[in-house]
Amino acid sequence: MVAVNGSGERLRLVLLGAFLICGLILEFGQCQQDEQEGRTTPPDRKPKSSKGKPVRGAGKATTKPKAKATLAPPAAVNQGPVHLTQVVNKGKFHRVGDSLSIRSGDTLELRCKGNPVEWGVPVYLEEDDEGRLRTVQHDRYGTLTLSNSTGADTGEYTCFPMYCEDRDCRKVYDKAVKVFVFFPDPQELFVPSSSYYEVIQLRTNWPTVLPCQVTSPDAKVSLHREFPPVEVAVDGAEITFNVKQGFTIHRPKLHHAGELYCVASRGNLRQSSVKYMLIYVNYPVAPPTPVIQASSNSVAIGQNLQVTCTVIGEQDVAIDFTWEYPGQQIGRPLYTQDSVHPDGGGLGRQQSQTVLLVDEVREVDGGTYTCTAQNLQGSRTTSTTIKVLAAAAAAKDKVKDKRKPKKP
């Protein structure tokens, strides 16, 4: 019995030890699961321990804190390269180059990546009120559709990606993409114009363009003078031709002035453009620089005064002079003598001059005299101050001047 009882006691001890080991294993597994799932031991429950050491992971969180959401700063809508595609059929697209030719009467449909985008079209279409032009903004791109096209629709079409901050948006010009679209018309070789004559300035410092715009890139175009009737030579240096722009006179001269027009031919069709009246303007390179000088800076009452304003500048460049003077306050009229003559200092120079005349100076004529000279490039101003003396003071000044020793 004792042996049996001893064996039973040992069995009970073994079973109790196994039970304790299983509990520890289960507890340890639960802690690892809690650790993986980001759970911690509840505050009202103490973690179980083994051999006096705390259970791994008990009483502290093991998951990393979540990062706070931050708003990205406003940026341009289109960060990558922007390109235009032509919708040729449903679901079929063609990437366009610098130019595109669409038969007159057909529909043009362009797609531009970006949200939002804005479209630029020829001036003729900006005033379109027939509903032929339609633009739509989608989630990732914008579309432009032009139906019932005509030769007058020929021109440049531009897609501008937009930079937006809140509700304020502006065009990103340096990322714009454009294409020149021709709409060949069997009856119209030139893009129609609303006027028969067009006046163009020939400026000496700026290239001049004669916009003989054709509807077909295959048209042959030449430049002609009305009188005497002659074809103008296009040498590729002084005068060039671009089918998208027309004729460019790169360094305009006086002999380019007059009445000119363009002639286009394609197959058996030959047509003339509108007339261009070219007016030569000798454009200055800079605003004028006036110099002012008075006959005397101290004038006695009753004497006469002359204030001269002079500009040395380019030949055939008109100078416009304006004056501000003290006598304006009482309504004293302005009397000037203007003149223009060649300057002896160099070729191609001229002297423009205006002289302000003040007869019988009065006390009110004392003060600041200002001359402003202006040409097509801008204006500049210069001034001088005149002192008006009483008769006695003027006589005393004359005596002082006589007593001054003359320089050898």
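Which residues is Phe321 in contact with, leaving aside its neighbours within four places in sequence? They are Cys309, Val311, Ser352, Gln353, Thr354, Cys371, Thr372 and Ala373, where contact means heavy atoms within 4.5 Å. This is a predicted model, in which local features need pLDDT of at least 70 and side-chain atom pairs count only at pLDDT 80 or more, while totals for chains, interfaces and linings use all residues. Residues are numbered from 1 along each chain as its sequence is written, and side-chain values use heavy atoms, with hydrogens and water left out.

**The protein as a whole**

- The protein has three helices and 27 strands; helices (H or I, at least four residues) and strands (E, at least two) are DSSP runs, numbered from the N terminus.
- Of its 408 residues, 33% count as buried, a word that stands for under 20% relative accessible area, whereas exposed stands for over 50% and partly exposed for values in between (1.4 Å probe, protein chains only).
- The accessible surface of the protein comes to about 26,900 Å², and 52% of that surface belongs to carbon and sulfur atoms; such areas come from the Shrake-Rupley method with a 1.4 Å probe, and for residues only the protein chains shown count as cover.
- Among contacts between residues at least 6 apart in sequence, 65% join residues at least 24 apart.

- Phe321 is found in strand S23, which covers residues 320-324, and it counts as buried because its relative accessibility is 15%.
- Although Phe321 and Ala373 are 52 residues apart in sequence, their C-alpha atoms are 4.7 Å apart in space.
- Gln86 has its place in strand S1, residues 84-89, and with a relative accessibility of 11% this residue counts as buried.
- When residues up to four places away in sequence are not counted, Gln86 touches Lys92, Phe93, His94, Val96, Leu100, Ile102, Glu109 and Leu110.

- Strand S8 (residues 155-165) pairs with strand S9 (residues 168-171) in the antiparallel sense, over four bridges; two strands pair if DSSP finds at least two bridges between them.
- Cys164 has Cys169, in S9, as its bridge partner.
- Two residues lie between the strands of this hairpin, and Asp166 takes a positive phi near 60° there.

**Salt bridges**

- A salt bridge is a side-chain nitrogen of Lys or Arg within 4 Å of a carboxyl oxygen of Asp or Glu, and by this rule the count comes to six.
- Glu118 forms one of them with Lys171, the closest N and O atoms being 3.6 Å apart, and the pair links distant parts of the chain, with Glu118 in strand S5 (residues 117-120) and Lys171 in strand S9, 53 residues apart.
- Both partners count as partly exposed, Glu118 at 34% relative accessibility and Lys171 with a relative accessible area of 27%.
- Lys178 and Glu156 meet through their side chains in another salt bridge, at 3.9 Å from N to O; this pair also links distant parts of the chain, with Lys178 in strand S10 (residues 177-182) and Glu156 in strand S8, 22 residues apart.
- Arg103 forms a salt bridge with Asp106, with 3.5 Å between the closest N and O atoms; Arg103 is exposed at a relative accessible area of 60%, whereas Asp106 is partly exposed at 31%.

**Aromatic rings and charges**

- The structure holds four aromatic pairs, and rings of Phe, Tyr and Trp (its six-membered ring) pair if their centres lie within 6.5 Å, with planes under 30 degrees apart counted as stacked, over 60 as edge-to-face and the rest as tilted.
- Tyr196 and Tyr197 make an edge-to-face pair, because their ring planes stand at 75°, with the centres 5.4 Å apart.
- The rings of Phe241 and Phe247 have centres 4.7 Å apart and planes at 45°, so this pair is tilted; Phe241 is partly exposed at 32% relative accessibility, whereas Phe247 is buried at 1%.
- The charged end of Lys171 sits over the ring of Phe160, 4.6 Å from its centre, where sitting over a ring requires NZ of Lys or CZ of Arg within 6 Å of the ring centre and within 35 degrees of the ring normal.
- Lys275 likewise has its charged end over the ring of Tyr261, 5.6 Å from the centre of that ring.
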